[in-house]
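This briefing sets out selected features of the structure shown below. Points are grouped by topic.

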Amino acid sequence: MIISVVQIWDQRSLNNKSLFNGNKFRYGGHVLHTGGESGSEPHVCLHLGLTDYRTFVGTNLSPLWERFLVSSEDDSVLCQHTSSPLGNGAVVETIDSKILVLQRSNNVGEFPGYFVFPGGHPEPQEVGITSRQYAKELTESINIKVSQEMFDSIVREVVEEIGVPASSLSIPAFIGISRRDLNVRPTAFFFIKCNLDSKEVQQFYFSALDGYESTKLYTVPMIELENMASRMPGCHRGGFALYKLMVDTRKIT
């Protein structure tokens with residue numbers, strides 16, 4: 001029996017009234033430009049399209065998600081038939097060297113009860129992209145706005161989920177893309193420093209705008225974070241691996 005994306009969405013939304021079908025950026029791979037002879041700074045170019053949460057639920061989150069995959073070592077080919085909305089996550093370090101970790105509530109659509117870093121999604125509508133037709137007519141100025149949205153959106157997510165003021169956060173540093181093995185979900189990860197200590201952050205958390213998405217905030221040292229990572233979704237375990245790689249690289253240099 002073949003079940004359509006719409007049927008899967010209708011069934012999921014019937015069971016969870018909090019689900020909302022919004023547009024999302026679709027991740028189609030990336031290219032690393034090292035600068036080289038051009039003299040430009042090293043940078044990453046993300047290949048993005050447009051998808052929506054309903055298609056995500058009907059492909060990546062489908063019980064038959066593996067049937068959408070194409071055998072390939074190239075992620076853009078492997079996932080060409082999936083929605084693959086680009087999520088984001090932040091490894092936030094307090095001034096007393098603790099990392100912020102949330103425990104997800106039982107009302108969320110994915111991984112209820114799991115440990116996660118704060119995050120969500122960059123939003124196409126924030127830069128004026130409202131349809132696939134418009135996405136095909138991107139100008140250079142829109143590309144710049146999309147790039148800025150990658151950074152602005154993760155700050156918004158941290159502010160909304162943790163409750164801290166944006167002024168307490170550093171400019172996010174992009175540390176990589178993590179894609180979990182289960183349903184090939186991609187997430188862009190960032191490192192952010194917070195100029196508050198862990199006790200001050202906990203006080204702000206009680207008034208967080210999106211506090212309903214989580215039940216508890218943990219502020220933990222690296223050794224405890226390693227233990228919690230085993231109880232994170234795969235893409236967030238990948239985010240931890242990227243953070244650890246960043247820390248280890250800094251020790252070497």
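With which residue does Glu 149 form a salt bridge? The partner is Arg 156, and the closest N and O atoms of the two are 2.6 Å apart. The model described here is predicted. In it the protein chain is divided into two parts, domain 1 (1-85) and domain 2 (87-252).

**Domain arrangement**

- Taken over C-alpha atoms, the centres of domain 1 and domain 2 are separated by 18 Å.
- Contacts between the domains involve 26 residues of domain 1 and 29 residues of domain 2.

**Salt bridges**

- The structure holds four salt bridges, and three of them are described under this heading, including the pair of Glu 149 and Arg 156.
- Glu 149 counts as buried because its relative accessible area is 3%, under the 20% limit for that class.
- Arg 156, by contrast, is partly exposed, with a relative accessibility of 25%.
- A salt bridge also joins the side chains of Lys 24 and Glu 123, with an N to O distance of 2.8 Å. Lys 24 belongs to strand β1 and Glu 123 to the loop between β6 (119-120) and α4 (132-135), so this pair ties together parts that are 99 residues apart in sequence.
- Both members of that pair are classed as buried: Lys 24 has a relative accessible area of 10%, and Glu 123 has one of 15%.
- Glu 226 is paired with Lys 244 in a further salt bridge, in which the closest N and O atoms lie 3.4 Å apart. This pair links distant parts of the chain, with Glu 226 in helix α7 (residues 222-229) and Lys 244 in helix α8 (residues 234-252), 18 residues apart.
- Glu 226 is partly exposed at 37% relative accessible area, and Lys 244 is partly exposed at 30%.

**Residues with positive phi**

- Ser 84 is a residue other than glycine with a positive phi, near 45 degrees. Its place is the loop between α3 (75-78) and β3 (87-93).
- The loop between β7 (173-179) and β8 (186-193) contains Val 184.
- Val 184 is buried, with 3% relative accessibility.

**Polar contact of Thr 51**

- Thr 51 forms part of strand β2 (residues 43-52). With a relative accessibility of 3%, Thr 51 is counted as buried.
- The side chains of Thr 51 and Ser 83 make a polar contact of 2.6 Å.

- Ser 168 sits in the loop between α5 (140-162) and β7, where its relative accessible area of 4% classes Ser 168 as buried.
- Which residues does Ser 168 touch, not counting those up to four places away in sequence? They are Lys 193, Cys 194, Asn 195 and Leu 196.
- Gly 211 occupies the loop between α6 (198-205) and β9 (214-220). Gly 211 is partly exposed, at 21% relative accessibility.
- With neighbours within four places in sequence left aside, Gly 211 is in contact with Glu 160 and Tyr 205.
- Gly 211 and His 43 are 168 residues apart along the chain, and a distance of 34 Å separates their C-alpha atoms.

**Nonpolar surface patch**

- Leu 32, Val 44 and Phe 174 make a nonpolar surface patch of about 250 Å².
- Of these residues, Leu 32 is placed in strand β1 (residues 23-33). Leu 32 counts as exposed because its relative accessibility is 57%, over the 50% limit for that class.

Technical notes. Residues are numbered from 1 along each chain as its sequence is written. This is a predicted model: local features need pLDDT of at least 70, side-chain atom pairs count only at pLDDT 80 or more; totals for chains, interfaces and linings use all residues. Side-chain values use heavy atoms; hydrogens and water are left out. Patches are made of residues with over 30% relative accessible area and no salt bridge: like charges are joined within 9 Å, nonpolar side chains (Val, Leu, Ile, Met, Phe, Trp, Tyr) within 5 Å. Accessible areas come from the Shrake-Rupley method with a 1.4 Å probe; for residues, only the protein chains shown count as cover. Helices (H or I, at least four residues) and strands (E, at least two) are DSSP runs, numbered from the N terminus. Buried means under 20% relative accessible area, exposed over 50%, partly exposed in between (1.4 Å probe, protein chains only). Contact means heavy atoms within 4.5 Å. A polar contact is a pair of N or O atoms within 3.5 Å; within protein, one must be able to donate a hydrogen and the other to accept it, and residues adjacent in sequence count only if both atoms are side-chain atoms. Domain bounds come from an automatic or database domain assignment.
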